[in-house]
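The sequence and structure come first.

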Amino acid sequence: MATLYAASDFTPATVHAVDEKHPETSVETIVAESSDAEVNEEEWKYPYPTDFKLDNYPIDQQPRQLTVAVIGAGLAGVTAGILLPIKVPGIRLTILEKNNDVGGTWLENIYPGVRCDIPANVYQSTFSPNTQWSEEFAQGPEIRAYWQGLAKKYGVYQNVEFRSKVAGSYWEEKDAQWRLEIEDVSTGEKRTASYDFLITAIGHFNDWKLPDYPGIKDFKGHLRHSSDWDPSFDPRGKRIATIGNGASGIQVTPELQKVAKHVDHYARSRTWVAGSFSGHERKAEPMLFSEEKLKEFQDPAKYLQYRKEIEEAYWRRYESQLKDSPANKRATEEFKELMRKRLTEKPELLEQLVPEFAPHCRRLTPGPGYLEALQKDNVEFIQTPIERFTEDGIVTVDGKHRPVDAIICSTGANVDFAPPFPLVSGDKDLSKAWRPEGEDGFPYTYIGLATPGFPNLLFLHGPNGAGASGTLPHSVENQATYIARLLRKVSTQGIRTIVPLKEAADDFIQYCDAFFPKTVLSEKCSSWANGRRPGQRIHGLWPGSAAHVNHVRRDPRWEDYRYTYVRPENRFAYWGNGWTKKERDAERDIVPYLKLPEEIDLRDYHESWWDL
Ligand SMILES: Cc1cc2nc3c(=O)[nH]c(=O)nc-3n(C[C@H](O)[C@H](O)[C@H](O)COP(=O)(O)OP(=O)(O)OC[C@H]3O[C@@H](n4cnc5c(N)ncnc54)[C@H](O)[C@@H]3O)c2cc1C
Ligand SMILES: NC(=O)c1ccc[n+]([C@@H]2O[C@H](COP(=O)([O-])OP(=O)(O)OC[C@H]3O[C@@H](n4cnc5c(N)ncnc54)[C@H](OP(=O)(O)O)[C@@H]3O)[C@@H](O)[C@H]2O)c1
């Protein structure tokens with residue numbers, strides 16, 4: 001017969017006292033020392049009493065259904081809307097979007113000439129491609145239709161609340177939730193809603209800005225930002241000023257030149273006009289796919305082969321970002337030659353346009369048709385800085401007044417990446433802290449995805465989010481996947497809050513500070529990657545290639561975060577009652593790891609979360 005012990009011999013106080021005195025004493029020792037205290041079977045109790053109570057649920061029954069708000073339904077919000085519900089069981093997702101539909105950039109930008117300067121077969125989701133793009137570099141409406149189609153196909157619309165503009169977001173420590181102030185943009189009414197997690201997917205260029213020149217309010221003609229194009233505006237026969245030679249200005253100016261009476265093109269900075277990102281020459285006219293080619297693409301194997309070839313070039317182009325690299329030197333020579341060839345009618349423009357900084361310091365602007373437009377008789381290219389606007393035109397600092405009927409500002413967006421609404425935790429507001437004059441002075445993040453002091457807040461395609469190579473949709477999918485892993489950890493491991501450590505964020509910034517000087521991004525140019533302030537920290541891009549960030553995000557470093565728990569008394573409380581639901585469900589495959597041996601890849605064997 002087994003020896004039994006009286007429960008009274010092992011009160012918590014007894015065990016505690018022994019432990020404190022002899023921390024090395026194990027409970028086995030205590031049991032052995034008490035072995036002469038024999039009791040009968042009825043009185044026996046397991047001799048390790050605890051106040052901790054088990055929850056009565058199986059570990060795989062989601063104890064916590066996270067409420068998650070994503071702000072923005074551009075391609076990042078749509079991607080989150082597809083991946084998060086599949087990858088995070090039990091998630092209750094809401095996407096808040098100020099517009100009437102999904103698409104973001106591709107919904108809002110309808111200016112003449114808007115199109116992708118990355119091939120359409122590359123600039124699309126990795127998992128649900130359109131094999132039938134009409135042209136190599138698709139126009140805005142076709143890209144918009146693609147992302148809207150994807151949102152329909154994957155049921156994203158059911159989780160989007162449209163016309164819902166987030167006007168402020170506040171961390172409520174006692175509830176461990178984000179309280180959002182949401183404005184109905186049709187009625188102006190405000191409401192509040194709270195969520196366990198907040199993910200911003202507000203884009204880099206959505207908060208577009210008109211310049212703040214004196215007199216801008218006095219101008220009586222048509223004044224618009226190109227991202228706010230008025231479809232009823234007819235540019236035919238008008239005198240028009242276009243301001244800015246970023247990618248938008250470079251696209252819209254040639255389109256206006258074709259129909260306007262006259263175009264004054266104000267471009268205060270020099271810029272490189274490239275062939276394309278991947279080395280393929282681009283033409284100004286649409287590069288349509290032939291019927292034959294599109295038919296060939298219907299063969300999945302042939303399309304995959306084509307896609308792999310074309311996409312690979314975008315992953316292998318990182319070298320050109322590095323200072324004095326052969327690839328960057330080659331780009332310098334090639335772009336100069338290409339610009340020279342295109343400027344035959346006004347060769348003097350070459351000297352005016354070629355920058356002192358290396359290609360890729362500013363994002364490349366292929367702009368087919370731009371240099372050709374600058375040489376037309378109805379275009380004046382003006383580099384003299386603008387001094388002020390008047391009732392009927394623009395005055396430059398040399399005192400010259402040029403009257404116009406319309407001014408189209410392609411002057412970019414709020415590229416300091418500070419959120420365009422209060423985003424507050426404690427006494428810190430990121431919309432202020434991240435501005436150049438703010439507490440941080442730049443977007444201070446942990447690997448572009450989160451920031452210290454702001455629990456349960458994540459950024460999707462935020463500062464330092466994407467590498468300068470690879471493809472943007474892939475990068476966003478990759479970030480959404482990292483976020484999904486983090487949310488899955490929180491929802492299945494009894495975590496209440498998760499926040500990156502300051503030391504980890506500081507190490508990330510230090511890495512950035514050591515890395516970016518090796519790249520041409522750190523040269524003296526105005527770009528959205530540096531907030532249009534040469535010398536400002538590079539916050540627009542990842543410190544490394546797209547393949548590099550792929551590595552970093554594949555395995556989250558959980559040790560870089562601090563956690564609080566739903567049941568703080570025991571980190572394993574989420575283990576529940578020691579069972580799984582699955583093993584008690586006769587219909588479920590409890591031995592999914594048994595497969596045909598040839599189907600097993602030992603590299604990720606026993607690692608997937610979904611067939612546990
Ligand atoms: C004209 C143009 C052309 C471009 N072409 C290319 C290209 O060829 N290749 C390339 O790689 N990139 C290109 N880009 C960059 C482009 O922005 C990204 O590729 C991509 O579309 C970004 O998607 P996103 O979802 O992160 O942001 P966005 O598309 O900007 O979407 C952000 C969404 O958030 C919403 N939102 C913002 N604030 C709030 C708020 N407070 N409340 C509620 N909703 C809010 C917006 O309404 C919007 O729908 C281009 C950008 C522009 C402006
Ligand atoms: N597919 C495409 O071809 C395409 C099209 C559009 C946009 N995009 C993407 O969107 C990004 C943003 O492009 P963007 O053209 O909208 O913005 P951008 O690249 O930031 O360019 C803004 C332009 O406006 C000028 N500017 C800003 N403020 C000004 C002021 N007060 N007075 C005079 N000029 C002023 C800037 O000049 P300074 O340089 O001197 O500051 C710059 O030339 C691109 O880099 C690209 O990623 C892509």
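Which helix gives the most to the shell around ligand 1? Helix 3 does, with three residues. This is a predicted model, in which local features need pLDDT of at least 70 and side-chain atom pairs count only at pLDDT 80 or more, while totals for chains, interfaces and linings use all residues. Residues are numbered from 1 along each chain as its sequence is written, and chains are lettered from A and ligands numbered from 1 in the order in which they are written.

**Ligand shell**
- Ligand 1 is surrounded by 31 residues (C-beta atom, placed from the backbone, within 6 Å of the molecule), and the closest are Gly72, Gly74, Ala76, Gly104 and Gly203.
- Two or more residues come from each of helix 3 (75-87) and strand 4 (164-172); helices (H or I, at least four residues) and strands (E, at least two) are DSSP runs, numbered from the N terminus.

- An open sheet has the strand order 3-2-1-7-18 with parallel pairing, where two strands pair if DSSP finds at least two bridges between them.
- Strand 3 (160-161) and strand 18 (457-459) are at the edges with a single partner strand each, so one side of each has no neighbour in the sheet.
- Three bridges join strand 7 (residues 197-200) to strand 18 in the parallel sense, and Leu198 has Leu457 of strand 18 as its bridge partner.

**Whole protein**
- The protein has 15 helices and 20 strands.
- The C-alpha trace spans about 110 × 55 × 50 Å along its principal axes.
- Of the 612 residues, 39% are buried (20 or more other C-beta atoms within 10 Å of the residue's own, with C-beta atoms placed from the backbone).

Key
A residue is buried if 20 or more other C-beta atoms lie within 10 Å of its own, exposed if 12 or fewer, and partly exposed in between; C-beta atoms are placed from the backbone.
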